[in-house]
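Visitor: Before we start, may I look at the sequence and the structure, and then ask about them part by part?

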Amino acid sequence: MPADAPKTLTLRRPDDWHLHLRDGAMLRGVVADSARHFARAIIMPNLVPPVVTTADAEAYRDRILDALPDGSRFQPLMTLYLTEHTAADDVAAGKASGLITAVKLYPAGATTNSYGGVRDLDKVMPVLERMAEIGLPLCVHGEVTTPEVDIFDREAVFIETVLDPLRRRLPELKVTMEHVTTKDGVDYILSAERNLAGSITTHHLIINRNAILVGGIRPHYYCLPVAKRESHRLALRKAATSGDARFFLGTDSAPHVDPLKECGCGCAGIYTSINTMSCLAHVFEEEGALDRLEAFTSLNGPAWYGLPVNAESITLTRSETPVTFPDKIQTGAGPVTVFDPMFPLHWVVEASHG
Ligand SMILES: NC(=O)N[C@@H](CC(=O)O)C(=O)O
Ligand SMILES: [Zn+2]
Ligand SMILES: [Zn+2]
């Protein structure tokens, strides 16, 4: 690091625009890790059973608020899991009451707990048209599920065969491409003049697909969309550190207990809530872009979702000796392995203000 490089960095308090908190004992075991650094998070609705109606979302929000540490002001921003039976009026009522921030499209079978997702987009067009009218964003898990399509191509094929046709059919619909993992995704977002933005995870800025497979199979680096080759990781880094308002943080922190990852058919998902800010400061420093970290974590997301930026701030400090995080956290549901970036971390969130 150059001698004159900053040793502390103060940012508006960040938000997480894509987060899995789960429910029950797991929720109670993980929520404090997000609430420590983040003011708000968009909460994914892929519970079992999923969060389908406004009433489901209200009940789930209350369970999250209940699980928070005393005094926490963390704000869960709720989403609805789009199904072919979703009622447009219920979605509109959820938005009007201020409860619902977005609706989530899971192509059926694309990822964890997505079997109740959408098979035929025509069936959800009335809901999407209503969302376009009322300005409610659609968050998309952008992968096709066609068995013939190679898993590493599923995002690119989704853009070409599903997302682009949908956006041409309904240009007024605001779409968030969640957890973008490819240069194709980045380029597609950059090509759009309006109504398209993308979230990028912490881990996709750090690992490529080698992390999963070289030297043995490493289930704790397996997530969906699966990490791609190095050229894609570099494209994601460039987008995230560019300051471009169309890119913002969505950690996609997705806890599964270790026995469900370390087995013959392991679940997809990486747990990063606890060390995300340290990892991101490292990445942005490597890219010479520490001055653009705040845009990525704290400014671009609120602008896209039409929310105010947080009044509070946090300060990160760079220590000479590496900071350590636990290898695993213990939850009432079982142990959850923490994302290991495979390099020492030096940045740590040291204080919160306001
Ligand atoms: N990202 C993942 O690998 N897993 C997520 C689902 C998702 O976001 O696709 C999960 O719920 O476990
Ligand atoms: Zn997803
Ligand atoms: Zn996710």
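Visitor: Which residues line the second largest cavity?

Guide: This is a predicted model, and in it the second largest cavity has a volume of about 30 Å³. By class, its lining divides into 3 nonpolar, 3 polar and 3 charged residues. The residues that line this second largest cavity are Thr-181, His-204, Ile-207, Ala-227, Lys-228, Arg-229, His-232, Arg-233 and Leu-236.

Visitor: Which residues lie nearest the centre of the largest cavity?

Guide: The structure holds 2 cavities of 30 Å³ or more, and the largest cavity has a volume of about 130 Å³. Its lining is made up of 6 nonpolar, 10 polar and 2 charged residues. Of the 18 residues that line the largest cavity, those nearest its centre are His-20, Thr-111, Leu-224, Asp-252 and Ala-254.

Visitor: How many residues of each class line the largest pocket?

Guide: The largest pocket has a volume of about 410 Å³. It is lined by 26 residues, and Tyr-221, Thr-337, Val-338, Phe-339 and Asp-340 are the closest to its centre. Two or more residues of this lining come from each of helix H9 (258–261), strand E10 (313–323) and strand E12 (334–337). Sorted by class, the lining of the largest pocket has 16 nonpolar, 5 polar and 5 charged residues.

Visitor: Which element gives the most residues to the lining of the second largest pocket?

Guide: The second largest pocket has a volume of about 310 Å³, and of the 20 residues that line it, Leu-77, Gly-98, Ile-100, Thr-101 and Leu-307 are the closest to its centre. By class, this lining has 12 nonpolar, 5 polar and 3 charged residues. At least two residues of the lining are supplied by each of helix H2 (54–67), strand E4 (75–81), E5 and H11. With 4 residues, the element that gives the most to the lining of the second largest pocket is E4.

Visitor: Is Lys-104 buried or exposed?

Guide: Lys-104 is found in strand E5, which covers residues 100–105, and E5 is one of the elements that supply at least two residues to the lining of the second largest pocket. An unreviewed UniProt entry lists Lys-104 for "modified residue: N6-carboxylysine". The cut-off for a buried residue is under 20% relative accessible area. Because its relative accessibility is 1%, Lys-104 counts as buried.

Visitor: How far apart are the end C-alpha atoms of helix H11?

Guide: Helix H11 runs over residues 293–305, and these 13 residues, at 1.5 Å a residue, should span 18 Å. The computed separation agrees with that expectation, since the end C-alpha atoms of H11 are apart by 18 Å.

Visitor: Where does H11 bend, and which proline follows within four residues?

Guide: The bend in H11 amounts to about 40 degrees and is placed at Leu-299. Just after H11, Gly-306 takes a positive phi of about 70 degrees. The proline that follows the bend at Leu-299 within four residues is Pro-302.

Visitor: How many of the 13 residues of H11 are buried?

Guide: The buried residues of H11 are Leu-293, Ala-295, Phe-296, Thr-297, Ser-298, Asn-300, Gly-301, Pro-302, Trp-304 and Tyr-305. H11 is mostly covered, and the number of its 13 residues that are buried is 10.

Terms used:
Residues numbered from 1 in each chain as written. Chains lettered and ligands numbered in written order. Predicted model: local features only at pLDDT ≥ 70, side-chain atom pairs only at ≥ 80, totals over all residues. Heavy atoms only, no water. 1 Å grid on protein atoms, 1.4 Å probe; cavity = no way out; pocket = protein on both sides within 12 Å on 5 of 7 lines; lining within 4 Å. Points joined across faces, edges and corners; volume = space filled by probe spheres on them. Nonpolar A, V, L, I, M, F, W, Y, C, P; charged D, E, K, R; others polar. Expected span 1.5 Å × (residues − 1). Bend = angle between axes of the 7 residues up to and from the residue. Buried < 20%, exposed > 50% of the residue type's maximum accessible area, 1.4 Å probe, protein only. UniProt positions renumbered as here; feature names shortened; annotations may be inferred.
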